Amino acid sequence: MAGIIVFSFSASWISCTALALGASTVFACRRPWAAYTLAFAFIGWTLSLADKPGLPPDGAFDDKNRWSGSVTGLDVTSAASRLTVDIAMCDSSTVSPFSCSVLMPVPSDRILPGDIVTFNARLSDPFSAADLPDEISFSPTFRIDGITAQAYVAPDDITVVSSGRSLRRIAFGLRDHIRDLIYGSPLDSPTAWFLAATLIGDDSSLAPDVIQQFRGIGIAHYLALSGFHVGIIALLAAAAFFPMRAWTRFGRMRHLFVIAVIWLYAFICGLSPSIVRAAVLITLFLLARLLQRQSSPYNSLCVAAVVILAFDPRQLFAPGFQLSFCAVLAILIFAPRLNPFSDAASRSHRLMRFITVPIAAMLGTGLVTIVWFHRFPLLFLIPNIIMAILLPAMLTAAVILVIATAAGLRLSWLGCAVDFIYRSMLNLCDSLTAFGNTEITGIFLSPPAIALAAAALVALAFAVTLRRRVCLLLTAVLMALATLVSLFDRPLPDAELFVTRQPTRTDIVIRDRDKAMLITTASDRHRQTVTSQLCRRYADYLARRSCPDSLAIAESDFTLPTVRRRGPYIIFADKTLAIADSSLPLDASVRPDYLLVTRLSGSRPFDIVRAVRPDTVIIARDTPPLRAARLLDSCHSHSIPALHLSDRSFHLTHDN
């Protein structure tokens, strides 16, 4: 992990050489454990270098080309399809392989992982800077997945050249077959959608309000496949092969069959880090039982981390990896010590686990959840206890229904029982949500506060492990410092104005205190869709600034404490921004500080520039390229400062 982190900050050979020389020097000084640490850091750095993503060729972002490659990932929702394509050819020339994210505006079932596709598109840089602070983007996900380009492709512009038989395609086909069996079983549609998500990880049909409800009461992790689900499959497999125990000579060989079932399940579910982590843990445990050896859960957890990071070092920075391993580590550390009953075999101790395990898991994942999702659930204990009881019964019934449906049997009575359990689960969510304030949202911690909170958790782990009061005191001090640092974080401006860099339209986002307004050049029939998209994209920005009404489209003039709009003019404190719109004439007697030129400014925008004489011309990204180039040349020849938003963003801030 240390080597992977070092590589993320410095990919030069100086870092690699320093780690290698450091390991050799420390080993020569007879400090073996320090030498091992540096040696493994060197291995982590080397693995990161070997896994470094390929880059698109020069000029790939300039023109529209025909690209060809193999589909390695597929994410289909009810509104769109996102493909991950390993590009190998541009037009008819071979290029160095790189990974590209391709977005199609419609759901598609004609493309599967392993297919060779070709498409016409102009690639764009997925790592361009955000227009607004705290803007939600795909850039972190792209970096983790090694994606270095993205494209928007119409359905008619992409063609399947050939269908491959890759392992990923086989796994995808098996998952689809199990999903069809779930949908064909005697279950109501909502129940079938829920079981498809919790059994095989296919949440494409799961209602968004269900996901939001589960997230609000702290049980959304049950919707993501993890060790809980793998453990249930392992128990079912162990029960199926339990009769082999009567075979005295080879009875322990049943553990190998359970291991095979676990890895088959992990393969079907896509070998996500949480699934692989659980599969490795259970595999090591069963191998120890097979060899009649004692297994260490901490060593098993470390082996699982090494296996995942050896194949994909960037997973270290993925929220799923962090949540999964922090949860298991916290359960191992805190759960036994929070349990007031010492006898692990007693019934009281086992019943108390339903309380101590969720508390321990929340201790481990709470900070990670705050950092990535800026929220913390308050009513997590009761729903987690109930889910820990109900979900195993549901998943067991789902496995039986899948097997029965595949055999041509229709167990309607079992389907009715599962439907009843699911409806009871939703009623529970509704009852808890009705209380209100089920979670704290809009939690944004600065890096120093995050570091102090993490140090406090480490101190708490030492406190419960070593039972030292000084560690407990250190925990309290560090948490107090983290709270103080977060309270005295840098204040936000009173008012902000941003001109975004959308390629097909121009959006102006204005915030004054707790009011947020949107001015857009999108057509009337697209404005509602644009507003919904921007509300999701800027959700963290709005939450951090306590804007309860989200974004409101400014259809006409408005007046806020610091910002006013009067026709094509936006008066921001002591600055004036004029929007050059051919349908809204500008007053030649008013000289604005900034003139914004968009695709709606007409074919001769420099005439407007010459008429109003602005201090600075801002050229929006949706301005036609030829028109923008001519305007830039004209502005430069007349010594008028001009800014093209394809180069950098534009914003104004004001503090009273």
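**Close-up views of selected sites**

**View 1. Asp-134 lies in the loop that connects β4 (116-121) with α4 (139-145).** Helices (H or I, at least four residues) and strands (E, at least two) are DSSP runs, numbered from the N terminus. The model is a predicted one, in which local features need pLDDT of at least 70 and side-chain atom pairs count only at pLDDT 80 or more, while totals for chains, interfaces and linings use all residues. Residues are numbered from 1 along each chain as its sequence is written, and side-chain values use heavy atoms, with hydrogens and water left out. Phi of Asp-134 is positive, near 65°, in a residue other than glycine. Most residues other than glycine have a negative phi. Asp-134 has a relative accessibility of 24% and therefore counts as partly exposed (buried is under 20% relative accessible area, exposed over 50%, partly exposed in between; 1.4 Å probe, protein chains only).

View 2. Arg-513 is not a glycine, yet its phi is positive, at about 60°. With a relative accessible area of 32%, Arg-513 is partly exposed.

**View 3. Strand β10 is mostly covered, with six of its six residues buried.** Asp-507, Val-509 and Arg-511 point one way from β10, Ile-508, Ile-510 and Asp-512 point the other way, and all are buried. In a regular strand the side chains alternate between the two faces of the sheet. Strand β9 (residues 495-499) runs antiparallel to β10 and is joined to it by five bridges (two strands pair if DSSP finds at least two bridges between them). Val-499 stands opposite Ile-508 of β10. The pairing of β10 with β11 is also antiparallel, over six bridges, and Thr-520 in β11 is the bridge partner of Asp-507.

**View 4. Trp-67 and Phe-98 form an edge-to-face pair.** The structure holds twelve aromatic pairs (rings of Phe, Tyr and Trp, the last by its six-membered ring, with centres within 6.5 Å; planes under 30 degrees apart are stacked, over 60 edge-to-face, the rest tilted). The centres of the Trp-67 and Phe-98 rings are 5.9 Å apart and their planes stand at 85°. Because Trp-67 belongs to strand β1 (residues 65-76) and Phe-98 to strand β3 (residues 93-104), the pair ties together parts 31 residues apart in sequence. Trp-67 is buried at 0% relative accessible area, and Phe-98 is buried at 2%.

**View 5. Tyr-594 and Phe-650 form an edge-to-face aromatic pair.** Their rings lie 4.9 Å apart, centre to centre, with 65° between the planes. The pair links distant parts of the chain, 56 residues apart: Tyr-594 is in strand β17 (residues 594-597) and Phe-650 in strand β20 (residues 650-654). Tyr-594 counts as buried at 15% relative accessibility, and Phe-650 is buried with a relative accessible area of 10%.
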